[in-house]
Amino acid sequence: MYIWVYYVAMGISPVTIKLMHLLYIQGINSGFFNKVFRQYGRDMSRVFSYFGLDRKVEKCSRLDRIIYQLKRDNLRVLNLTDRQYPELLKNIALVPPLLFLKGRPITDNFKIAVVGTRKPSDYGKKVAANLGRQLSRAGITVVSGMAKGIDGCAQQASLAGKGGSIGVLGNGIGYTYPRSNFRLFGEIVENGCLVSEYLPLSKPRKKNFVYRNRIISGLANGVVVIESAEKGGALITANFAAEQGREVFAVPGNIYSRTSRGTNNLIQKGAKLVSSIDSIVEEFNYI
């Protein structure tokens, strides 16, 4: 039986099947895919024709295993042509061709990313928790990277409100990293969503977390940085946000603290200073 007929019968769309074949069987990386995607004016039929996927292809055991994992773990997969694929994310420079998700659907409601150091001060933890709680109470979804420190504090606090949280992973769904956030992973599935561009159970790799940051900012309308060293990972997210045309905010910190240098520098360079949730919502005329 040919691959398209076989997997469509299992409830997987033809575009998703072809993208899986392209990425996981042919081994085309997302950077090259994006180059071809833009070259052909985002016309998927021409893209698939370029890669030879307009012809019949036999089903294969690797795709069988991927589909089995998705079904077994109750995961969803969206391709960039799906109506449910987040609209803001579709327009970033390196758009993920596929997104794996677990939890609630990603809606088009307002989203703010909250990121920062993995080793926050008590001040940073308090600010992250208060901001995450207030944003969620206002119906705003908190997006972050499921890391220890600022990310986890903001996301944990947001779960009590109606906005909830989206956790973007640098590994596959089903592989819990860091282990210290094990409980948070389960809670976000109940009141939010886990998102990854990596296959289920894929182990974390250092470079994945840099690429992950473009999705954190890409999903959000703006990014707030709370405590970051001069070369912290949170600043990478802020840079992606600026490139993507998102608003960048920063919480000022102690001038003598190493983990405040990055945020204070952002403010010097034009990021909006955040002293409360009002500093964020007034920038968007959010009601």
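**Entry 1**

I began with Arg183, which forms a salt bridge with Glu187, their closest N and O atoms being 3.0 Å apart. For my own reference, a salt bridge is a side-chain nitrogen of Lys or Arg within 4 Å of a carboxyl oxygen of Asp or Glu. I note that this is a predicted model, where local features need pLDDT of at least 70 and side-chain atom pairs count only at pLDDT 80 or more, while totals for chains, interfaces and linings use all residues. Residues are numbered from 1 along each chain as its sequence is written, and side-chain values use heavy atoms, with hydrogens and water left out.

I then looked up where the two residues sit. Both Arg183 and Glu187 lie in helix α9 (residues 182–190), 4 residues apart, about one turn of the helix. Helices (H or I, at least four residues) and strands (E, at least two) are DSSP runs, numbered from the N terminus. An α-helix has 3.6 residues a turn, so residues three or four places apart point the same way.

Glu187 counts as partly exposed because its relative accessibility is 23%. The cut-offs are under 20% relative accessible area for buried, over 50% for exposed, and in between for partly exposed (1.4 Å probe, protein chains only).

**Entry 2: other salt bridges**

How many salt bridges does a search of the whole structure find? The search gives 7.

I picked out Glu197, which forms a salt bridge with Arg214, the closest N and O atoms lying 2.8 Å apart. This pair links distant parts of the chain, 17 residues apart: Glu197 is in the loop between β6 (192–196) and α10 (206–219), and Arg214 is in helix α10. Both Glu197 and Arg214 are buried.

Next I looked at Lys272, which forms a salt bridge with Glu283, with 3.0 Å between the closest N and O atoms. Here too the pair links distant parts of the chain, with Lys272 in strand β9 (residues 272–273) and Glu283 in helix α13 (residues 277–284), 11 residues apart. Lys272 is partly exposed because its relative accessible area is 25%. Glu283 is partly exposed as well, with 36%.

**Entry 3: how α10 meets α11**

I went back to α10 to see how this helix packs. α10 and helix α11 (residues 233–243) pack at an angle of about 50°, and their axes are 8 Å apart. Axes are lines fitted to C-alpha atoms, for helices over the stretch in contact, and angles run from 0 to 180 degrees between N-to-C directions. α10 and α11 are therefore oblique to each other. Angles under 35 degrees count as roughly parallel, over 145 as roughly antiparallel, 65 to 115 as roughly perpendicular and the rest as oblique.

Which residues make the contact? From α10 they are Val210, Asn213, Arg214, Ile216 and Ser217, and from α11 they are Gly233, Ile236, Thr237, Phe240 and Ala241. Contact means heavy atoms within 4.5 Å. Arg214, listed here for α10, is also the salt-bridge partner of Glu197.

**Entry 4: α12**

I looked up which residues of helix α12 (residues 261–268) are buried, and found Gly262, Thr263, Asn264 and Leu266. What covers them includes β7 (222–226), α11 and β8 (247–251). After α12 comes Gly270, with a positive phi near 120°.

**Entry 5: backbone angles**

Most residues other than glycine have a negative phi, and most peptide bonds are trans. I checked for exceptions.

- Asn74 has a positive phi near 60° and is not a glycine. Asn74 is in the loop between α5 (61–72) and β1 (76–79). Asn74 counts as exposed because its relative accessibility is 61%.
- Leu201 is not a glycine either, yet its phi is positive, about 70°. Leu201 lies in the loop between β6 and α10. Leu201 counts as partly exposed, at 36% relative accessibility.
- The peptide bond from Tyr177 to Pro178 is cis, with omega near 0°. Pro178 is in the loop between β5 (165–168) and α9.

**Entry 6: one distance**

Last, I looked up Lys35, in helix α3 (residues 30–39). Lys35 counts as exposed because its relative accessibility is 53%. C-alpha to C-alpha, Lys35 and Leu131 are 38 Å apart in space, and they are 96 residues apart in sequence.
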